[in-house]
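Let's go through this one label by label and check what each word rests on. Have a look first.

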Amino acid sequence: MATRRTATKSAAAKDAKVETKATATAVKETAPVKETPVKKTAPKKVAPKKPAAVAAATKAAKTKAEAPAEVKTETKVNFVVEFNNKQNSVEDIINNVKATYGKDVKEISIYLKPDENKAYFVADGEESSMDVFFC
């Protein structure tokens, strides 16, 4: 009987092991599966497409803004009035009008009439004239 008992014990032990394995498998199957959270990404913002003309104008404006400022040079002008084969420069006439007026002038308007050899001028609201001799 002793062998029968050991055989029964070992059979019971085998059954218990099988049952334990089956229970463990059942627990694994029924255990809730932890889901990893899904990362939500914000949709990319896409700018609306610009018409080709607007895009070209924008590009030109950016290029113009990035370009260094052009240095403007003052143009020197030599202006000469000629009458009866005789010449007077405009600068000389202006300087003679200022000398004739005799005061510092803020604004001058000069009207030159070579056929009369006269320069009529208005300096700071005062009218006057002077002789101009073409040499």
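**Labels and their cut-offs**

Q: In the hairpin of β1 and β2, which residue takes a positive phi?
A: Asn 84 does, with a phi near 50°, and the hairpin has two residues between the strands. Bear in mind that this is a predicted model, where local features need pLDDT of at least 70, side-chain atom pairs count only at pLDDT 80 or more, and totals for chains, interfaces and linings use all residues. Residues are numbered from 1 along each chain as its sequence is written, and side-chain values use heavy atoms, with hydrogens and water left out.

Q: What makes β1 and β2 a pair?
A: Two strands pair if DSSP finds at least two bridges between them, and strands themselves are DSSP runs of E, at least two residues, numbered from the N terminus. Here four bridges join β1 (residues 80-83) to β2 (residues 86-89), so the pair qualifies. The two run antiparallel, and Val 81 stands opposite Asn 88 in β2.

Q: Which residues is Val 80 in contact with, leaving aside its neighbours within four places in sequence?
A: Gln 87, Asn 88 and Ser 89, where contact means heavy atoms within 4.5 Å. Val 80 itself is found in β1. Its C-alpha atom is 9.5 Å from that of Asp 92, twelve residues apart along the chain.

Q: What makes β3 and β5 edge strands?
A: The open sheet has the order β3-β4-β5, with antiparallel pairing. β3 (108-113) and β5 (126-131) each pair on one side only. Neighbouring strands are turned by 20° against each other on average, direction ignored; axes are lines fitted to C-alpha atoms, for helices over the stretch in contact, with angles from 0 to 180 degrees between N-to-C directions.

Q: How many bridges join β3 to β4?
A: Six, with β4 spanning residues 118-123. Among the bridge partners in β4 are Ala 123 for Ile 108 and Val 122 for Ser 109. In this hairpin, four residues lie between the strands, and Asn 117 takes a positive phi near 55°.

Q: What lies across β3, β4 and β5?
A: That's α3 (residues 90-101), running at about 115° to β3. A helix here is a DSSP run of H or I, at least four residues.

Q: Why do Lys 113 and Glu 116 count as a salt bridge?
A: The rule asks for a side-chain nitrogen of Lys or Arg within 4 Å of a carboxyl oxygen of Asp or Glu. This pair has N to O at 3.2 Å, so it passes. Lys 113 is partly exposed at 36%, and Glu 116 is partly exposed with 36%.

Q: How many salt bridges does the rule give?
A: Two. One of them joins Asp 131 and Lys 118, with the closest N and O atoms 3.1 Å apart. This pair links distant parts of the chain, with Asp 131 in β5 and Lys 118 in β4, 13 residues apart. Asp 131 has 43%, so it is partly exposed, and Lys 118, at 25%, is partly exposed too.

Conventions
Buried means under 20% relative accessible area, exposed over 50%, partly exposed in between (1.4 Å probe, protein chains only).
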